Amino acid sequence: RSSTTISILGKEYPTDDYTNIPASILDRLSPTPQLPYTKDHPLALLREQLEASIGPHYTAIHATSPVVTTELNFEDLGIAANHPGRSPTDTYYVNRTTCLRTHTSAHEVETFRNKNERWLLTADVYRRDEIDASHYPIFHQVEGAAIFAHQDYAPGGKVEKECEAMEAKLAKANFEIEDVVGLSEAGGYQSHHDPREAALAVRHLKATLNGLVFDLFADRHAFETAQKGGSASDPLRVRWIPAFFPFTSPSYEVEVWFRGKWLEILGCGVVQQRTLDKAGVPDRLGWAFGLGLERIAMVLYSIPDIRLFWTQDPRFLGQFASSSSNEVSAAGGQAKSGAAKPKLLTFKPYSKYPPCYKDVSFWLPQDRAFHENDLFEIVRDRVGDLVEDVVKIDDFVHPKTKKQSLCYRINYRSMDRSLENEEVNQLHSDVLSRLVEQLSIEIR
Ligand code: PHE
């Protein structure tokens, strides 16, 4: 890697003051997403389940390279230049005009342009973020969308018929849907849309996604409710709450009541016409959603640490193999004939290797800004998957000098083996010197 260009997946890109992709991320890049297509991998099981649930009208699309223009990832979607997600503290930049996609919405324009009208696209996405059991700089999203011609929105037409069919099916299910959101809170219909057509698009969006959420969670919810001695008639509860995305209006977040908490599942809304105009299909109207696979898989399969998705340990993948004994059928132990319904898989944690905590206390420089994502990135780059979490445990300002002091606790632990003391000491001392060098901090 020379100082003026960076080579990614066989292509050279000029670097500039925005370039911030560490070797630890570069090493992981590939021309197509890997884990959601790995046999017996929980992310693959979940992707397959989503594709099966939404049905054959929707084309399943593999994403291509994660390297995208900032135009596709941000501008085309109306994400303003000053949006926090665009900051180099949050996004991996190849250079000022090229980045690693931060969400699958980056592919909306080209996917619509390629004449796809109903589709599900799966991709690896990249965000600089904190370090703990549920955050990893690479994760996976599925984007789904459906757009229709105006004639399909005619009264009694295709869209309305499909809504009726989906709603009739859900009406028979043990399902409680709460619409706690007013239209204006959700951003309102777009001014150039016929409100009747936009309302029908929202109705189609709701029926489709309610069906998807029901398919994902209902059996698991019923099984766990019964196990806890609850009533089999406890419905699965879903609620629609207002949201804001620059690329949809109205916009919603869907949450499901699961294990005593509202769990956020996805973001969605009616696609901004700007996106469809850009894609060369200005005469279409429809909706889109995006969801994160890891978070849902962690909850559904009881996977306690996001790093496990990356482990090669057969004790992990082996549990998701089709012959696994970790399955309980939704009926409560009775094997069902045929494999039409996915079984309920539950990950059985194997014993963890011991952790090793090390603290780092330091004074912040007074002449430059500090962002903790930069610290996390330095830790990740040196320590890789041997770091479990990094937590701020102290923060104070010296009363006289006004200097600010921070203390972070770095928890070293491998998923796959026992770490030697010496190895951890070496890692930690390397981290310290990199922090001093790159962030101009002063170790206390
Ligand atoms: N891209 C959004 C995210 O990553 C999710 C989303 C997709 C919202 C499509 C609306 C429509 O949070």
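**View 1. Salt bridge between Arg-96 and Asp-17 in the predicted model**. The side chains of Arg-96 and Asp-17 form a salt bridge, with an N to O distance of 2.8 Å. Distant parts of the chain are linked by this pair, 79 residues apart: Arg-96 belongs to the loop between β5 (93-95) and β6 (98-100), and Asp-17 to the loop between β2 (11-14) and α1 (23-26). Arg-96 is partly exposed, at 44% relative accessible area, whereas Asp-17 is exposed, at 59%.

**View 2. Salt bridge between Asp-179 and Lys-206**. The two side chains meet at 2.9 Å, N to O. Asp-179 is part of strand β9 (residues 175-179) and Lys-206 of helix α6 (residues 195-227), so the bridge ties together parts 27 residues apart in sequence. Lys-206 is buried, with a relative accessible area of 17%, while Asp-179 is partly exposed, with 44%.

**View 3. Salt bridge between Lys-392 and Asp-395**. The closest N and O atoms of this pair are 3.3 Å apart. Lys-392 is partly exposed, at 40% relative accessible area, and Asp-395 is also partly exposed, at 37%.

**View 4. Salt-bridge network of Asp-305, Arg-307, Glu-388 and Arg-413**. These four residues are linked by salt bridges; the whole structure contains 31 salt bridges.

**View 5. Packing of helix α2 against helix α8**. Helices α2 (residues 42-54) and α8 (residues 293-300) pack at about 100°, with their axes 10 Å apart; α2 is therefore roughly perpendicular to α8. Leu-43, Leu-46, Arg-47 and Leu-50 of α2 make the contact with Leu-293, Glu-294, Ile-296, Ala-297 and Leu-300 of α8. By class, this contact comprises 7 nonpolar, no polar and 2 charged residues.

Notes:
Residues are numbered from 1 along each chain as its sequence is written. This is a predicted model: local features need pLDDT of at least 70, side-chain atom pairs count only at pLDDT 80 or more; totals for chains, interfaces and linings use all residues. Side-chain values use heavy atoms; hydrogens and water are left out. Axes are lines fitted to C-alpha atoms, for helices over the stretch in contact, and angles run from 0 to 180 degrees between N-to-C directions. Helices (H or I, at least four residues) and strands (E, at least two) are DSSP runs, numbered from the N terminus. Angles under 35 degrees count as roughly parallel, over 145 as roughly antiparallel, 65 to 115 as roughly perpendicular and the rest as oblique. Contact means heavy atoms within 4.5 Å. Ala, Val, Leu, Ile, Met, Phe, Trp, Tyr, Cys and Pro count as nonpolar, Asp, Glu, Lys and Arg as charged, and the others, Gly among them, as polar. Buried means under 20% relative accessible area, exposed over 50%, partly exposed in between (1.4 Å probe, protein chains only).
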